[in-house]
Amino acid sequence: MGPRCVVVNTTTCSEDWIVTLLLDGQPRSDRNRHSLIVKTKYFNARVDLHQYDHTELPDPTELDGTEALLLFCQGTKESFSLAEKVWRRTKEVSPSVCLCIVESTKETAEKDDEMSRSQIVAWCLDNQFELIECDEVAEEEDFDDKVGKDRILEAIKSHTWSNMEMLDTSKSDKDADGSSAKVEENLNSFEALFSELASMKERASNLPPAERKAYAEQIAVAFFSAMGGDEDDLDDEEFNDV
């Protein structure tokens, strides 16, 4: 069983657009389970993508191996009540990526069954979710920061999936012109990896010794590449103490 990315819809709208966004042209299955290939400059990972609508919440047994949980919500108490049920079923597997996706928020709740933006933010903070507002527009001075739907893709690609396969980046690194854009790209990759360090250590602690060493080697290579290192400079002896 591969790692899972689970999309749960707690709204009355369709969640298909999230699946389409993640697959990015990759074939869909006839059912609600798809094979997602996460592709980055440094690694590829095959992920089981599961989707559920508000009428069928996943059973706890279907959440084993979940590394990313995407809740599609709307600003109503009913929607977040369903989100709470899903999270109670999921938090035991400790997914590293937890996103709460909403189309938009309101500064003030206009009806009794609505939630204000501050209430939604409070729920996300209490449950350690990142709030994604699809209608958010990046500020001009923060044009490098992904927001809205672009942030969904960035979060999935920044995660260090447990079955990731490292790519040979030595040729592209040798051909790089050393521009500031290249340096910034490496820095962003390093920061994304560093933000996952705690979850990586927790995942490694649950692996058998041989698998833990192999996983540690993958992480070491990922960090080395993110800092602009050349994999040709690495050899097996450097990992003996990992």
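**Reading a helix, its rings and the cores**

A: Contact means heavy atoms within 4.5 Å, and buried means under 20% relative accessible area, exposed over 50%, partly exposed in between, with a 1.4 Å probe and protein chains only. Helices (H or I, at least four residues) and strands (E, at least two) are DSSP runs, numbered from the N terminus. The model is predicted: local features need pLDDT of at least 70, side-chain atom pairs count only at pLDDT 80 or more, and totals for chains, interfaces and linings use all residues. Residues are numbered from 1 along each chain as its sequence is written, and side-chain values use heavy atoms, with hydrogens and water left out.

Q: How many helices and strands does the protein have?
A: The protein has eight helices and seven strands. Of its 242 residues, 41% are buried.

Q: Which residues of α2 are buried?
A: An α-helix has 3.6 residues a turn, so residues three or four places apart point the same way. In α2 the buried residues are Ser 79, Phe 80, Leu 82, Ala 83, Val 86, Trp 87 and Thr 90. Seen down the axis, they fall within an arc of 150° (taken from the directions from the helix axis to the C-beta atoms), so they line one face of α2.

Q: What does α1 show in the matter of buried residues?
A: In α1 (residues 16-23), Ile 18, Val 19, Leu 22 and Leu 23 are buried. Their arc around the axis is only 125°, which puts them on the same side of α1. The elements that cover them include β1, β2, β3, β4, β5 and α4. After α1 comes Asp 24, with a positive phi near 50°.

Q: How many aromatic pairs are there?
A: Rings of Phe, Tyr and Trp (its six-membered ring) pair if their centres lie within 6.5 Å; planes under 30 degrees apart count as stacked, over 60 as edge-to-face and the rest as tilted. The structure holds four such pairs. In one of them, Trp 17 and Phe 72 have ring centres 5.7 Å apart and planes at 85°, so the pair is edge-to-face. Trp 17 belongs to α1 and Phe 72 to β4, so the pair ties together parts 55 residues apart in sequence. Trp 17 is partly exposed at 21% relative accessible area, while Phe 72 is buried at 2%.

Q: Which helices hold Phe 80 and Trp 123?
A: Phe 80 and Trp 123 also form an edge-to-face pair, 5.4 Å centre to centre with 70° between the planes. Phe 80 lies in α2 and Trp 123 in α3, so this pair ties together parts 43 residues apart in sequence. Ring pairs link Phe 80, Trp 87, Trp 123 and Phe 129 into a cluster.

Q: Which residues have the most contacts inside the largest nonpolar core?
A: A nonpolar core is a set of buried Ala, Val, Leu, Ile, Met, Phe, Trp, Tyr and Cys residues joined through side-chain atoms within 4.5 Å. The largest has 28 residues, and Cys 5, Leu 22, Leu 70, Ile 101 and Trp 161 have the most contacts inside it. A second, separate core has 22 residues, including Leu 82, Val 102, Met 115 and Ile 120.
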